[in-house]
Amino acid sequence: MQTLLAISVTLAAGLLMSRLTKRLNLPSVTAYLVAGMLIGPYCLGRLGVAGLGFPTIDDVKSLGIFSDVALGFIAFAIGNEFRLSELKKQENRQR
């Protein structure tokens, strides 16, 4: 039950952080990275509150399939941020 709660909190944190970063005109990938750091064992996980983050690295490793799927979505979101026209502008600026 605690695992389901921790996954729910993680998804909610990602959603809330992405809404915040959109207001700051930052890509959603930034929100996912910040939310992951907050939920992880080195920030909220240290508080030891059940369901509020992942207290140990073993907890994170036990949900490896979810991490892999999340990284796939993050990679997709990064690819979505690239625009060919912007890349061409950068190329022309370097010349």
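Me: Which residues does threonine 21 touch, not counting residues up to four places away in sequence?

Reply: In this predicted model, threonine 21 touches Leu26, Pro27, Ser28 and Ala31 once residues up to four places away in sequence are set aside. A contact requires heavy atoms within 4.5 Å. Threonine 21 itself is placed in helix α1.

Me: Why is threonine 21 called buried?

Reply: The relative accessible area of threonine 21 is 5%. The term buried applies under 20%, and therefore threonine 21, at 5%, is buried. Threonine 21 is listed among the buried residues of α1, together with Ala6, Ile7, Ala13, Gly14, Met17 and Ser18.

Me: What makes the buried residues of α1 line one face of the helix?

Reply: When α1 is seen down its axis, its buried residues fall within an arc of 130 degrees, and so they line one face. The face turned away from that buried side carries the exposed residues Leu4, Leu11, Leu16, Arg19, Lys22 and Arg23.

Me: Against what do the buried residues of α1 pack?

Reply: The buried residues of α1 pack against α2, residues 28–39, and α4, residues 64–81.

Me: Why does valine 9 count as partly exposed?

Reply: Valine 9, placed in helix α1, has 23% relative accessibility.

Me: What is the phi of asparagine 25?

Reply: Asparagine 25 has a positive phi of about 60 degrees, although it is not a glycine. Most residues other than glycine have a negative phi.

Me: Why does serine 28 count as buried?

Reply: Serine 28, which lies in helix α2, has 14% relative accessibility. The limit for buried is under 20%, so serine 28, at 14%, counts as buried. Leaving aside neighbours within four places in sequence, serine 28 is in contact with Ser18, Thr21, Ala77 and Glu81.

Me: What puts the buried residues on the same side of α2?

Reply: The buried residues of α2 are Ser28, Val29, Ala31, Ala35 and Ile39. They cover an arc of only 155 degrees around the axis, which puts them on the same side of α2. What covers these buried residues includes α1 and α4.

Me: How do you know that alanine 77 is buried?

Reply: Alanine 77 lies in helix α4 and has a relative accessible area of 12%. Buried means under 20%, so alanine 77, at 12%, is buried. Apart from residues up to four places away in sequence, alanine 77 touches Ser28, Val29 and Tyr32.

Me: Which residues lie nearest the centre of the largest pocket?

Reply: Of the 25 residues that line the largest pocket, Thr10, Phe66, Ser67, Ala70 and Ile74 lie nearest its centre. The pocket holds about 850 Å³ of space. The largest share of its lining, 8 residues, comes from α4. By class, the lining has 19 nonpolar, 5 polar and 1 charged residues.

Me: Why is phenylalanine 66 called partly exposed?

Reply: Phenylalanine 66, placed in helix α4, has a relative accessible area of 47%. Exposed would require over 50%, and buried under 20%; phenylalanine 66, at 47%, is therefore partly exposed. The C-alpha atoms of phenylalanine 66 and isoleucine 7, 59 residues apart along the chain, are separated by 9.0 Å.

Terms used: Residues numbered from 1 in each chain as written. Predicted model: local features only at pLDDT ≥ 70, side-chain atom pairs only at ≥ 80, totals over all residues. Heavy atoms only, no water. Buried < 20%, exposed > 50% of the residue type's maximum accessible area, 1.4 Å probe, protein only. Helix = DSSP H or I, 4+ residues; strand = E, 2+ residues; numbered from the N terminus. Arc of directions from axis to C-beta. 1 Å grid on protein atoms, 1.4 Å probe; cavity = no way out; pocket = protein on both sides within 12 Å on 5 of 7 lines; lining within 4 Å. Points joined across faces, edges and corners; volume = space filled by probe spheres on them. Nonpolar A, V, L, I, M, F, W, Y, C, P; charged D, E, K, R; others polar.
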